[in-house]
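Walk through this model step by step, with the structure open beside the text.

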Amino acid sequence: MTQDTPQEAVLAIRSLSVVYVGRRSAAQAVTEVDLEVQNNEILGLVGESGCGKTTLAVAMLGLIEPPGKVIGGAVQIRTHDHSTQDILKVKPSLHRQLLWKEIAYIPQGSMSALNPVKRVREQLTDTLIEHGLKKNEALERARWALQVVSLDAAILERYPHELSGGMVQRVAIAGAISMQPPVLVADEPTTALDVVTQRSILQELVSIREKFGSAILLISHDMGVMAQIADRIAVMYAGRIVEIGSIHQVFASPLHPYTKKLINAIPNARGRESGERLIGLGGESPNIWRHPPGCRFHPRCEFAIERCSQQAPVFTSPNGSSGQRVACHLY
């Protein structure tokens with residue numbers, strides 16, 4: 001997708017906040033997140049483990065469970081019939097229809113996401129039958145979905161433990177695309193896979209976007225993965241989005257100190273040849289039960305000023321363009 005492509009948001013997350021409720025207090029896992037996923041784009045959501053990426057994904061699908069609780073915000077999706085629905089506010093019956101038909105989820109750790117005592121056939125067809133397809137239609141659709149992700153139909157009669165990690169991941173992707181939803185949420189789809197299989201899975205996601213025009217929210221902690229396939233990237237730290245822009249903008253001229261440190265931590269061939277050491281971030285991510293005041297990154301930031309510890313920064317566009325925005329007092 002080029003920057004000249006007309007933009008239309010198929011998914012809009014507005015001021016979404018999620019807490020985990022304890023006996024005496026509530027931990028802020030996601031705080032007032034605003035994101036838009038445009039039609040036919042791959043938006044990368046990146047950040048350290050524990051920053052709230054998966055919590056955001058599960059919450060935006062309306063699947064958060066206690067002790068998690070959505071305390072504010074909206075998740076608006078544009079459906080096949082061009083209506084707009086708030087996933088968090090629709091009735092349960094409509095919510096069940098929106099999932100997989102309008103927005104589908106590729107979970108983190110697909111091996112544990114599939115039922116070990118059911119064959120792949122049952123796991124792919126159950127959802128399709130729930131959405132109104134007849135048994136024979138669902139089976140044919142399952143065969144088609146496996147073919148899209150380069151798997152043989154014989155896989156349908158196997159159990160998850162009979163498949164390799166890459167094959168299980170492809171089965172999860174097949175299930176997500178079986179109803180050709182406009183939006184896919186892929187949560188760390190290459191975790192625990194070898195480098196060759198990772199590349200293959202990423203190519204499958206790109207191919208799905210090209211074939212069906214699906215918008216993809218790709219969640220990862222790996223900036224290298226984002227550089228390969230994302231159109232835009234949103235950087236998350238301690239439950240907040242701190243920078244967003246096109247992949248070219250963010251990598252060519254990162255604005256937030258946290259973004260710069262993530263990029264500096266990416267291994268590259270030139271660094272290996274010269275014997276350069278990777279530059280770590282230093283410090284530790286804040287405890288979600290006790291976020292620091294002001295900018296949550298300031299205890300780890302070498303550029304922090306007094307204002308950073310007192311006031312949370314708001315988004316601004318320092319280059320005069322709405323394409324790249326950053327939440328940092330330095331701008």
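The lining of the largest cavity has 9 nonpolar, 3 polar and no charged residues. Here Ala, Val, Leu, Ile, Met, Phe, Trp, Tyr, Cys and Pro count as nonpolar, Asp, Glu, Lys and Arg as charged, and the others, Gly among them, as polar. The model is predicted: local features need pLDDT of at least 70, side-chain atom pairs count only at pLDDT 80 or more, and totals for chains, interfaces and linings use all residues. Residues are numbered from 1 along each chain as its sequence is written, and side-chain values use heavy atoms, with hydrogens and water left out.

What is a cavity? On a 1 Å grid over the protein atoms alone, a cavity is a set of points where a 1.4 Å probe fits but cannot get out. A pocket is an open set with protein on both sides within 12 Å along at least five of seven lines. Lining residues have an atom within 4 Å of a point. Grid points are joined across faces, edges and corners, and a volume is the space filled by probe spheres set on the points.

The structure holds 1 cavity of 30 Å³ or more. Among the residues around it are H256, C295, F297, H298 and C301. The lining also includes C308, C328 and H329.

Now turn to the largest pocket. Its volume is about 730 Å³. It is lined by 24 residues, and W100, Y105, A113, Q123 and T127 are the closest to its centre. Helices α2 (92–101), α4 (120–130) and α6 each give two or more residues to this lining. Helices (H or I, at least four residues) and strands (E, at least two) are DSSP runs, numbered from the N terminus. The largest share, 6 residues, comes from α4. By class, the pocket lining has 12 nonpolar, 7 polar and 5 charged residues.

Follow α4 to its partner α5. The two pack at an angle of about 120 degrees, with axes 9 Å apart. Axes are lines fitted to C-alpha atoms, for helices over the stretch in contact, and angles run from 0 to 180 degrees between N-to-C directions. Angles under 35 degrees count as roughly parallel, over 145 as roughly antiparallel, 65 to 115 as roughly perpendicular and the rest as oblique. So α4 and α5 are oblique to each other. In this packing, R121, L124, T125, L128 and I129 of α4 meet K135, A138, L139, R141, A142 and L146 of α5. Contact means heavy atoms within 4.5 Å. The contact has 7 nonpolar, 1 polar and 3 charged residues.

Next, α5 (residues 135–148) meets α6 (residues 165–177) at about 125 degrees, with axes 8 Å apart. That angle makes α5 oblique to α6. W144, A145, L146 and V148 of α5 touch V171, A174 and I177 of α6. These contact residues are 7 nonpolar, no polar and no charged.

Finish with the backbone. Most residues other than glycine have a negative phi, and most peptide bonds are trans. Where does this chain depart from that? A cis peptide bond joins P66 and P67, with omega about 10 degrees. P67 sits in the loop between α1 (53–60) and β4 (68–78). H82 is not a glycine, yet has a positive phi of about 70 degrees. H82 lies in the loop between β4 and β5 (84–86).
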